[in-house]
Amino acid sequence: MRDGKEPRYTNIVFFVLLITGFVFILIRLTPPVRLIKNFIYYAAYPNVSAANQIFQTAGDFAQNIKSMVYVRQENIFYKQKNQELVDKLRNYNEMKEQYDNLAHLLAVEKIKGSKSVFAKITAREPSEWYQWLIINKGSAAGLYDGLPVAVVTDGGRLCAAGRIVETNSFSSKIALITNILSSTPVRIKGKNISCLAEGFNSNLIKISYIASNENISVGDEIEISPLSSAFPSGMPVGKIISVSSAQSTDFKTAVAEVFFESDALYEAVILVPQDENNSGQNK
Amino acid sequence: MKKVIYYLFFYAVFCLLQFFFGRYLNIGGVFPNFILIAVVYLGLSRGKMGAQTMGFLYGLTWDSFSTDVFGVRAIMFTLIGYFSGALSKNFDKDQIFAQITLVVAANIIYWLGFSLLYFVIPDGAGSYKPFVVSVYGSLKIFFTVLITPVVFFALNAITNRGRKYF
């Protein structure tokens, strides 16, 4: 049995040697080592077989390096191609979005005697969600106070949304029909029952002044009455969701859900009368 | 300086035995693993440091001469040298039983490690099948174990004779 002491750094050397061995394996040194060995062997004992081996090993080694270079070049090429395709795809998505938007707008119905001005909704206060909103067009685009504002639904239908109450050069403030200050003459579609839609700062509107003997029911659609001075007659407004059961000698009321809130509101259509001479334009 | 000469001598003798005289010392194509015996002997007689370093150098040399993946034998002989050195205080290198036990264990470590490394990196294995016990491999271990006491005896004799030089 041995009694000698080991140097302190024996274990460190052990790990260094092991790591070196693993590095040799990982970097695949076999072909160059074989090449050197064959070369030395040829230098010591020159013969045809050894020379053949050198050329074969060197050929394999060079072939491997050439393959690596080609693979790297191909990799760079495909990375560039991939980047180009990603950019094209991004452009395509943007174009598709624009196309869908334009196709949607093309499907919007024409209102006789008025010009449609499309505007983006730029601000809508959460605390006044059902009262006001701001659009990005104003007097510079020919808008003025009192103009009716509609919203395009999925089917390309225009639904009454509100009226311009304040016009600046490049923005306008719209009072929605759900605003408590708004009241719009409406009628029950297909029944010719005239009544009044009043907002109460929610997504619902109150339908009042319905003659007590009239037959209205849940699901009836509300549209703009010919009595409205602002909105075109027949423009959809909402749908009745409840009718008051209270008995009254004169009138009964109902509650309707507005159509313009059924979709996300990003764009508004302002209906500018064409035959008017902009007499009511905001000064 | 004496140590360096000793190790150089040791390295040269076993390299010659393993790589140049193999064709004369084999029996039916089976040739003992002299380098493994040498690394175990160094571990028992000189400790971990000498055995692992020499094991690494022997491994690199053998890897250079072989067609296997470069570095595999270097790792295996370093491991065997380290563990032989670690057991040098528990085993007496002069006892035949200790010599045989350690050489058998070293052979098993060598075979298992070799198989494991080729199992992890199969693309360099060639015709070698990891974890497969072959007749040739078993005979090689048997022959190595059989010759171990002779090699140990010879090395002890040379070391004792040359003590004044080494």
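What pattern does chain B follow when you read along the sequence? In this predicted model, the answer is α-α-α-α-α-α-α. Chain B has 166 residues, and 40% of them count as buried. Now look at who touches whom inside the chain: among contacts between residues at least 6 apart in sequence, 68% join residues at least 24 apart.

Let's zoom in on one pair of helices. Packed helices in general are described by the angle between their axes and the distance between those axes. For helix 5 (residues 72-86) and helix 6 (residues 96-120) of chain B, the angle is about 145 degrees and the axes lie 10 Å apart. The crossing of helix 5 and helix 6 of chain B is right-handed. Which residues meet there? From helix 5 of chain B come Val72(B), Met76(B), Leu79(B), Ile80(B) and Ser84(B). Facing them from helix 6 of chain B are Leu102(B), Ala106(B), Ile109(B), Tyr110(B), Gly113(B), Phe114(B) and Leu117(B). Sort the residues of this contact by type and you get 10 nonpolar, 2 polar and no charged.

Next, step back to where the two chains meet. The contact takes 18 residues from chain A and 24 residues from chain B. On the chain A side, helix 1 (10-26) and helix 2 (30-44) each supply at least two residues. Helix 1 of chain A gives the largest share of that side, with 9 residues. By type, the side of chain A that touches chain B splits into 11 nonpolar, 4 polar and 3 charged residues.

Technical notes:
Residues numbered from 1 in each chain as written. Chains lettered and ligands numbered in written order. Predicted model: local features only at pLDDT ≥ 70, side-chain atom pairs only at ≥ 80, totals over all residues. Axes fitted to C-alpha atoms, helices over the stretch in contact; angles between N-to-C directions. Helix = DSSP H or I, 4+ residues; strand = E, 2+ residues; numbered from the N terminus. Left-handed = near helix turned anticlockwise from the far one by under 90°. Contact = placed C-beta atoms within 7 Å. Nonpolar A, V, L, I, M, F, W, Y, C, P; charged D, E, K, R; others polar. Buried ≥ 20, exposed ≤ 12 C-beta atoms within 10 Å, placed from the backbone.
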